[in-house]
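Please keep the structure in view while you go through them.

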Amino acid sequence: MGLSSLAYGTYERRLARRLDPERTPHHIGAIVDGNRRWAKDAGQDLESGYHAGAAKIDEFLGWCHELGVRIVTFWVLSTDNLQRSEDEVRSILRAVEDLVDRLAADGRWNLRLIGSLDLLPAESAARLKRATESSTGTELQVNICVGYGGRQELTDAMRSLLLEESSKGRSLEEVASTLVVDDIAEHLYTKGQPDPDLVIRTSGEQRLSGFLLWQSVHSEFYFTDVLWPALRRVDLLRAVRSYANRERRFGA
């Protein structure tokens, strides 16, 4: 082991020791960006990049579990991504399907799919559903956003709300006159879960791109230039340290 590796390990351990468990985020959202650029830089094909990004999710979950995080939400395939070439979308889906199968088989995690699965090929959607339904772990809640878009989620939430109220015989005017924020929240993909405390985006992009638009209203954000497949444990520790050092006002 070289001197740089020893110094890195020492720094990482010191950083981990200094984190206050009482100020660790309970729910982390991750926009896993940079898989394509990582593959290009590494001289590998796109599918290798997506599989490397999926493998990083396994590592990331282990790190989060060590820190006491209770929920992690990953955005792995957006509705916009579905507009890419058929071959690239197929490569992404293969990596995601393998990932979800692997996480379900792990036995520690409880999985939930977040998104519009009807936008996916039927075979992919069925495989993802089978894997998530077989997950019975209790150590950490893992949300996988696939075929997900923030605007699509809000559209689906409003559609679900209106259909539910219509089934009760209520008119649009009656629904509008009594509508409150919690009514919409009850129809989101993440119904029943707390909003993310911290949202991390890799690859240097500093925007949400529609990730959890409703739920992230009071989230803290952390942007890093590191490409997702190259993310290290120390990068997560830095993000958590940044979060812990902030004063959360929740708009007050």
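1. Within strand E6 (220-223), Tyr222 is the bridge partner of Ile200, and Arg201 stands opposite Phe223 in that strand. Four bridges join E5 (198-201) to E6, and the two strands run parallel; strands count as paired if DSSP finds at least two bridges between them. Strands (E, at least two residues) and helices (H or I, at least four) are DSSP runs, numbered from the N terminus.

2. This is a predicted model, in which local features need pLDDT of at least 70 and side-chain atom pairs count only at pLDDT 80 or more, while totals for chains, interfaces and linings use all residues. Residues are numbered from 1 along each chain as its sequence is written, and side-chain values use heavy atoms, with hydrogens and water left out.

3. On its other pairing, E5 is joined to strand E1 (residues 27-31) in the parallel sense over four bridges, and here Ala30 has Ile200 as its bridge partner.

4. Which residues of E5 are buried on each side? Leu198 and Ile200 on one side, and Val199 and Arg201 on the other, are all buried, so that both faces of E5 are covered; buried means under 20% relative accessible area, exposed over 50%, and partly exposed in between (1.4 Å probe, protein chains only). E6, by comparison, has a covered face with Glu220 and Tyr222 and an uncovered one with Phe221 and Phe223.

5. Ser203 lies in the loop between E5 and E6, and it counts as buried because its relative accessibility is 6%. Its side chain makes a polar contact with the side chain of Asp33 at 2.8 Å, where a polar contact is a pair of N or O atoms within 3.5 Å; within protein, one must be able to donate a hydrogen and the other to accept it, and residues adjacent in sequence count only if both atoms are side-chain atoms. Leaving aside neighbours within four places in sequence, Ser203 is in contact (heavy atoms within 4.5 Å) with residues including Asp33, Arg37, Thr224 and Leu227.

6. Elsewhere, residues of helix H4 (residues 86-106) and helix H5 (residues 122-133) meet each other, among them Leu93, Val96 and Ala104 in H4 and Leu128 and Ala131 in H5.

Note on methods
Axes fitted to C-alpha atoms, helices over the stretch in contact; angles between N-to-C directions.
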